[in-house]
Amino acid sequence: MARLIRHDAVGPAVIDVDGKILEICQCGLSQTKPFCDLSHKKVQGEEAGKLYVYAETGERIPITDMFPQPHKKFAPPVYD
Ligand code: FES
């Protein structure tokens, strides 16, 4: 079983725990969750209104056409 989880944040949450500053990943790409490892830099340049997945290689793949926004009419992909 697998699932996709949507993340809209483009940077970490910075919290102070007894004087120690912690950066908590909110972008979903960190390899050291729950802490930020600066992987959020990969989301720079994402276009508003588009949806992306990130491959293990770091490749950004837009999938908006597969999962349309609610206001758009769904048109299933055509396969040959
Ligand atoms: S916020 Fe996710 S890696 Fe920095």
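1. Strand β1 lies largely in the open, because zero of its five residues are buried. Strands here are DSSP runs of E with at least two residues, and helices are runs of H or I with at least four, numbered from the N terminus. A residue is buried if 20 or more other C-beta atoms lie within 10 Å of its own, exposed if 12 or fewer, and partly exposed in between, with C-beta atoms placed from the backbone.

2. This is a predicted model, in which local features need pLDDT of at least 70 and side-chain atom pairs count only at pLDDT 80 or more, while totals for chains, interfaces and linings use all residues. Residues are numbered from 1 along each chain as its sequence is written.

3. β1 pairs with β2 in the antiparallel sense over five bridges; pairing requires that DSSP finds at least two bridges between two strands. Val17 stands opposite Lys20 in β2.

4. The hairpin of β1 and β2 has two residues between the strands, and Asp18 takes a positive phi near 50° there. Asp18 sits in the loop between β1 (13-17) and β2. Is this residue buried or exposed? Asp18 is exposed, with 4 other C-beta atoms within 10 Å.

5. The loop between β2 (20-24) and β3 (52-54) contains Pro34. The peptide bond leading from Lys33 to Pro34 is cis, with omega near 10°.

6. Leu38 is also found in the loop between β2 and β3. Its phi is near 75°, a positive value in a residue other than glycine. Leu38 counts as partly exposed, with 14 C-beta neighbours inside 10 Å.
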